[in-house]
Amino acid sequence: MNVTLTLNGRQVTAAVEADDSLYTLLRALGMHSVKCGCETTNCGLCTVHMDGKAVLSCSVPAARCDGHAVTTLEGMQEEAKRLGECLAGEGAEQCGFCAPGLMMNVFALAKENPHATEAEIDAYLAGNLCRCSGYVSQRRAVKRYLESMEVQP
Amino acid sequence: MARYKDYVAAQSLEEAYALNQKKSAVIVAGNMWLRMCGLNRQMAIDLCRLGLDGIEETQDAFVIGSMTALRALETDAALNAAFGGAFAAALAPIVGTQFRNTATVGGSVYARFGFSDVSALLLALDAQVVCFKRGAVPLSLYQKEPWDRDIITHIRIPKGQRAAVCSVRTSATDIAALVCAAARSQAGMRMVLGARPARAMIVADALAPESGADVFEAIAARTPFGSNLRASEAYRRKVAPVLMARCAQACREVTA
């Protein structure tokens, strides 16, 4: 079957199988920022936005996306650059494999709660696992990113 | 991973129900657990286009669409104000925000997950499961039944209660080792234990609000518990009275 979705602001039509996940579709469409980690809905690596909400693309049926808007990190390069600088500046990244999923969830947090406290940051990002950098530096980086957003014109 | 040959986004409940009468079909809700079950079915029936996502407040109840995401319940101001923040407390520890943006209340209730944080709270609140063909069924009854081929359309939660939830986990975001939910109404206090690790069950009903430790010890002594990777039977039996006492205290505080 074919699905038509708005991917990073551009309308795309693609053929999918009945049991394809959104993750499979996005990789097939060249969205290589979307990574598959656990495949058990635990790690947050495959996070993308669907109609503005952060979802785990490994669990969303691709066919369900017909008519919806999906955003990946490829569609948020300006925000990614700013957050990437904060992550690097705080030593919050080593291998970087989890970074795209983390970033997409941070963008969702920034939209939902731009003045999040440290506890709120921790709670919101609890579904993004990182095996190497540790979470304290990530928390610092996210805090710095949110503060930088406040001073944006 | 689950495998399907056909995918149908049902256009009506009648269509979804008719298609679901075949044993080769399966209803897709949040698709969080289902996708990991290794199912091999002819048809996946998606309820996402039926407008079953939303929380409606009536004079005497909250009526929640079965496709409503857990995150919506967690953040709904009216729902949490009515029940002392119990939904936020019960749902926030589940995996992560992205997970709860997709997992649905209907999927959680239908599956009768033994580890369900959702079912424990709904059971304490005396929720009703509204099915397309059967109509309204008390969750306390639905919870004990085997899986059927009807479709949950809504969950109805009566107002006029105060609720609290406590759980214990070996690590944050993991499945609970034990969940306790309590609701206090004019009839008294209802206590539910989940993740025993079997299906959530009502362990006490119409309990006096001022019940103390001895009452909770007695309840725990007669409640069936089991062992799994997360906790032993003995551990659960020891922890249960503590969680019950905390829930009872919280119910007393929010009522005061």
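## Contact between the chains

In this predicted model, the contact between the two chains draws 25 residues from chain B and 23 residues from chain A. On the side of chain B that touches chain A, the elements that contribute two or more residues are strand S1 (3–9), strand S3 (40–46) and helix H5 (97–102) of chain B. Of these, S1(B) gives the most, supplying 6 residues to the side of chain B that touches chain A.

Sorted by residue class, that side of chain B consists of 13 nonpolar, 7 polar and 5 charged residues.

## Secondary structure of chain A

Chain A contains 5 helices and 5 strands, and their order along the sequence follows the pattern β-β-α-β-β-β-α-α-α-α.

The C-alpha trace of chain A spans about 45 × 35 × 25 Å along its principal axes.

Of the 153 residues in chain A, 46% are buried, where a buried residue has 20 or more other C-beta atoms within 10 Å of its own. When the contacts in chain A between residues at least 6 apart in sequence are considered, 61% of them join residues at least 24 apart.

Terms used
Residues are numbered from 1 along each chain as its sequence is written. Chains are lettered from A and ligands numbered from 1 in the order in which they are written. This is a predicted model: local features need pLDDT of at least 70, side-chain atom pairs count only at pLDDT 80 or more; totals for chains, interfaces and linings use all residues. Helices (H or I, at least four residues) and strands (E, at least two) are DSSP runs, numbered from the N terminus. A residue is buried if 20 or more other C-beta atoms lie within 10 Å of its own, exposed if 12 or fewer, and partly exposed in between; C-beta atoms are placed from the backbone. Two residues are in contact if their C-beta atoms, placed from the backbone, lie within 7 Å. Ala, Val, Leu, Ile, Met, Phe, Trp, Tyr, Cys and Pro count as nonpolar, Asp, Glu, Lys and Arg as charged, and the others, Gly among them, as polar.
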